[in-house]
Amino acid sequence: VLRLPPPLPDDAPAGAANIRRNANAGRDRHARWQHARDACWTALDPYVGSGARVAIVGAGNGDDLPLAQLSERAGSLDLYDLDLHALRQAHRRVPRTRRRRVRIRMLDVTAGAADSIARAAREQTDPSTPFPAPRPIDGDPYDLVIGDLFYSQLLAPALGDLRLPSHKVGETLRRHGQLLTNAVVARLRASAPGGTVVHLHDPLAWWANHPQPFPIEDALDRAANLPDDAQSVLANGRQPLGCDPRAALAPATIRATAWWRWRFTPAVDYLVCATIADAD
Ligand SMILES: C[S@@+](CC[C@H](N)C(=O)[O-])C[C@H]1O[C@@H](n2cnc3c(N)ncnc32)[C@H](O)[C@@H]1O
């Protein structure tokens, strides 16, 4: 069932940057990311109740999500993203017999704030759209809401595509990034009253021109020993600016933390952090 989407505004740099990246996903990605779907399901499995109402924000093409397992266990599964074309692709990934319980829904979880910040950075003005209110993403509450690796994608891709000087990118992310992330996290929490929110984010990355002070294996070793101690797992790694969902959470609400390696391409690795938290 598809709710008719509001069109993206004409000048939506954050939305457009994400849609461009989703369109470049490549057909081999689904097969290459089986390891990421398996790791994701291992982390989610204990928190998905039989018949639960589940929402995923940032579902995109669905390549990194264990949609087969989720759609089998959940009573309903709503996939949200600002990219409708990608969501249709994700829906096709659900086993045919379970597609009826999976809905796709177009949503900018920032309610226009990310586009407004990107436009203001380009025009050297102040953003005009307020941060999203802590209002549920849908009328009905969910038992489990999953934020899927969109936090680092709210602003950075748009600022990169706008070819702003790096000091302007840094300044924009420092000024607005974490406040926007905090507002989005509050929105996800409001969508699962009494339930659980799982925040998937990518605090460390490795590629040729982006070295870290240690290899990913070291971080994974630390994570295997002390998964709840994110600070030690990340040690002095270079993290992206202004997009940490954990920083938006009261530590007492965090129930568990899981980590895995996401082999994004043969040349690019991400360390995924799954934070399982009480919504309230
Ligand atoms: C790195 S991808 C996650 C991988 C994705 N699940 C897949 O397998 O294709 C991040 C997703 O977040 C979505 N996204 C980014 N900003 C968003 C926003 N403001 N509202 C909703 N979705 C957003 C992107 O369109 C993209 O599909």
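This is a predicted model: local features need pLDDT of at least 70, side-chain atom pairs count only at pLDDT 80 or more; totals for chains, interfaces and linings use all residues.

Student: What does Leu-79 touch?

Tutor: Leaving aside residues up to four places away in sequence, Leu-79 touches Ile-56, Ala-59, Leu-67, Leu-87, Ala-90, Val-102, Arg-103, Ile-104 and Arg-105.

Student: Now the helices. Which residues of H5 are buried?

Tutor: In H5 the buried residues are Leu-84, Ala-86, Leu-87 and Ala-90. Viewed down the axis of H5, these buried residues fall within an arc of 150°, so they line one face of the helix.

Student: And what do the buried residues of H5 pack against?

Tutor: They pack against H1, H4, E2 and strand E3, which spans residues 102-106. At the start of H5, moreover, a side-chain oxygen of Asp-83 reaches to within 3.1 Å of the backbone nitrogen of His-85.

Student: What about H3? Which of its residues are buried?

Tutor: Helix H3 covers residues 34-44, and its buried residues are Ala-36, Arg-37, Cys-40, Trp-41, Ala-43 and Leu-44. Seen down the axis of H3, they fall within an arc of 160°, so they line one face of that helix. The buried residues of H3 pack against helices H2 (29-32) and H4 (67-73), as well as strands E4 (144-148), E5 (196-206) and E6 (254-265).

Student: You mentioned H1. What do its buried residues pack against?

Tutor: The buried residues of H1 pack against strand E2 (76-81), helix H5 (84-93), H6 and H7. Those buried residues are Pro-13, Ala-14, Gly-15, Ala-17, Asn-18 and Asn-22.

Student: Let me pick Ala-17. Why does it count as buried?

Tutor: Ala-17 counts as buried because its relative accessibility is 0%, and buried means under 20%. Not counting residues up to four places away in sequence, Ala-17 touches Pro-157, Ala-158 and Asp-161.

Student: How far apart are Ala-17 and Ala-156 in sequence and in space?

Tutor: They are 139 residues apart in sequence and 9.1 Å apart in space, C-alpha to C-alpha.

Student: Changing topic to the ligand: which residues come nearest?

Tutor: Of the 19 residues around the ligand, Asp-63, Asp-64, Asp-81, Asp-108 and Asp-148 come nearest.

Student: Which atoms of Asp-81 and the ligand lie 2.7 Å apart?

Tutor: They are a polar side-chain atom of Asp-81 and an oxygen atom of the ligand. The backbone takes part in other pairs: an N or O atom of the Ala-59 backbone lies 2.9 Å from a nitrogen atom of the ligand, and a polar backbone atom of Gly-62 is 3.5 Å from an oxygen atom of the ligand.

Student: How much of the ligand's accessible area does the protein cover?

Tutor: On its own the ligand has 590 Å² of accessible area, and the protein covers 95% of that.

Student: Now the loops. What is phi of Gln-124, and where is this residue found?

Tutor: Phi of Gln-124 is near 55°, a positive value in a residue other than glycine. Gln-124 is found in the loop between H6 and E4, and it is exposed, with a relative accessible area of 63%.

Student: What about Leu-149: buried or exposed?

Tutor: Leu-149 counts as buried, at 12% relative accessibility. Its phi is also near 55°, a positive value in a residue other than glycine. Leu-149 lies in the loop between E4 and helix H7 (156-161).

Student: One last residue. Where is Ser-116, and what does it touch?

Tutor: Ser-116 lies in helix H6, residues 113-123. It is buried, with a relative accessible area of 3%. Beyond residues up to four places away in sequence, Ser-116 touches Pro-127, Ser-128 and Thr-129.

Notes:
Residues are numbered from 1 along each chain as its sequence is written. Side-chain values use heavy atoms; hydrogens and water are left out. Contact means heavy atoms within 4.5 Å. Helices (H or I, at least four residues) and strands (E, at least two) are DSSP runs, numbered from the N terminus. Buried means under 20% relative accessible area, exposed over 50%, partly exposed in between (1.4 Å probe, protein chains only). The arc is that of the directions from the helix axis to the C-beta atoms. A residue is near a molecule or strand if one of its heavy atoms lies within 4 Å of it. A polar contact is a pair of N or O atoms within 3.5 Å; within protein, one must be able to donate a hydrogen and the other to accept it, and residues adjacent in sequence count only if both atoms are side-chain atoms. Accessible areas come from the Shrake-Rupley method with a 1.4 Å probe; for residues, only the protein chains shown count as cover.
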